[in-house]
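Please look over the sequence and the model below. The report that follows takes up selected residues, strands and charged pairs in turn.

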Amino acid sequence: MKIEDLERMKNEGPESLPSEERRKFLKMGLVVTGVFAGGSVLSLTSARNVYGALEGIKLKKYPYKPHYSMVIRQDRCIDCELCKEACVKTNNVPEYGYRTTILEREIPIGPDEFQREFMPVLCNHCNQPPCVRVCPTKATYKDKKTGIVMMEYKKCIGCKTCMAACPYNARYFNEEKRAIDKCNFCFDTRLSKGEKLTACAAACPADVRIFGDLSDPESRVYKLVHEPERVVWVLRPETGALPNVYYTKG
């Protein structure tokens, strides 16, 4: 969704959001400036001199180091799919599965005129991931150092409960592994080997996907998310999952 679309939608007012939800984002250095589509889309802007923390944990810094996050500059996506190709090649994703994809829709802008827009999506590596809460075998877990939501394949029994719980439809059953598979920010294939970017971020020719350490004030993700007056938003905030994938324009 482009910011222009948000501007055309009726702002239901941040006051319609439960105070607890507003406090969650304030702890992450963000202020809710708008509520749209029944709370399924929020617009956010940075709150200066405020640092992130998990709900209930009053830290004056981000809970992970590095705290891996991604900012998607949505209006730059041209649907070239080089990100998807890089992901498949790097992580051996089978034809029937995906770790990241690009959603597409047409927005009416006039009589018989439509504007096509693209939205890259992937696992949001939530701070409060529903998938982790429901897994009966702890096969999926939140990495204590990086905050990445990981899979331990040998523990997975293929019950698909995590797939049902994921707010972002970001998981699939890998027939060859006989286990659920998902994006892990290329931790095993790139980050653990010294690479600084995920395969999708490195392959994007339009610099759509900005990946990095949200706890590092010098990182691009930190600067984008905390840039004064810049509007960023997250998908499906009503779930309370506190995603680590942010959307913005420009």
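## Thr146 and its surroundings

Leaving aside neighbours within four places in sequence, Thr146 is in contact with Tyr64, Pro66, His67, Tyr68 and Phe187, where contact means heavy atoms within 4.5 Å. Thr146 is found in the loop between β6 (140–142) and β7 (149–151); strands here are DSSP runs of E with at least two residues, numbered from the N terminus. At 4% relative accessibility, Thr146 counts as buried, on a scale in which buried means under 20% relative accessible area, exposed over 50% and partly exposed in between, calculated with a 1.4 Å probe on protein chains only. The side chain of Thr146 also reaches the backbone nitrogen of Ile148 at 3.2 Å.

This is a predicted model, in which local features need pLDDT of at least 70 and side-chain atom pairs count only at pLDDT 80 or more, whereas totals for chains, interfaces and linings use all residues. Residues are numbered from 1 along each chain as its sequence is written, and side-chain values use heavy atoms, with hydrogens and water left out.

## The sheet around strand β3

Three strands form an open sheet in the order β10-β3-β11, with mixed pairing; two strands are taken to pair if DSSP finds at least two bridges between them. Because β10 (209–213) and β11 (245–248) stand at the edges, each with a single partner strand, one side of each is left without a neighbour in the sheet. Neighbouring strands of this sheet are turned by 20° against each other on average, direction ignored, the axes being lines fitted to C-alpha atoms and the angles running from 0 to 180 degrees between N-to-C directions. Strand β3 (residues 68–73) and β10 run antiparallel and are joined by five bridges, and Met70 stands opposite Phe211 in β10.

Ser69 has its place in strand β3 and, at 0% relative accessibility, counts as buried. Not counting residues up to four places away in sequence, Ser69 touches Phe185, Ile210, Phe211, Gly212, Leu214, Val221, Asn244 and Tyr246. Ser69 and Cys126 are 57 residues apart in sequence, while their C-alpha atoms are 9.7 Å apart in space.

Glu117 is found in strand β5 (residues 113–122) and is buried, with a relative accessible area of 5%. The side chain of Glu117 makes a polar contact with the side chain of Arg105 at 2.7 Å, a polar contact being a pair of N or O atoms within 3.5 Å, of which, within protein, one must be able to donate a hydrogen and the other to accept it, with residues adjacent in sequence counted only if both atoms are side-chain atoms. Glu117 and Ile107 are ten residues apart in sequence and 7.6 Å apart in space, C-alpha to C-alpha.

The side chains of Arg116 and Glu106 meet in a salt bridge at 3.2 Å, N to O, the term standing for a side-chain nitrogen of Lys or Arg within 4 Å of a carboxyl oxygen of Asp or Glu. Arg116 lies in strand β5 and Glu106 in strand β4 (residues 100–110), so the pair ties together parts that are ten residues apart in sequence. Arg116 counts as partly exposed at 48% relative accessibility, and Glu106 is likewise partly exposed, with a relative accessible area of 46%.

## The β8–β9 hairpin

Strand β8 (residues 171–174) and strand β9 (residues 179–182) pair in the antiparallel sense over four bridges, and the bridge partner of Phe173 in β9 is Ile180. The hairpin of β8 and β9 has four residues between the strands, and Arg178 takes a positive phi near 55° there.

The side chains of Lys177 and Asp181 meet in a salt bridge at 3.7 Å, N to O. Lys177 is partly exposed, with a relative accessible area of 35%, whereas Asp181 counts as buried at 0% relative accessibility.

## Further salt bridges

A search of the whole structure finds 16 salt bridges. One of them joins the side chains of Arg230 and Glu227 at 3.3 Å, N to O; Arg230 is buried, with a relative accessible area of 15%, while Glu227 counts as partly exposed at 33%.
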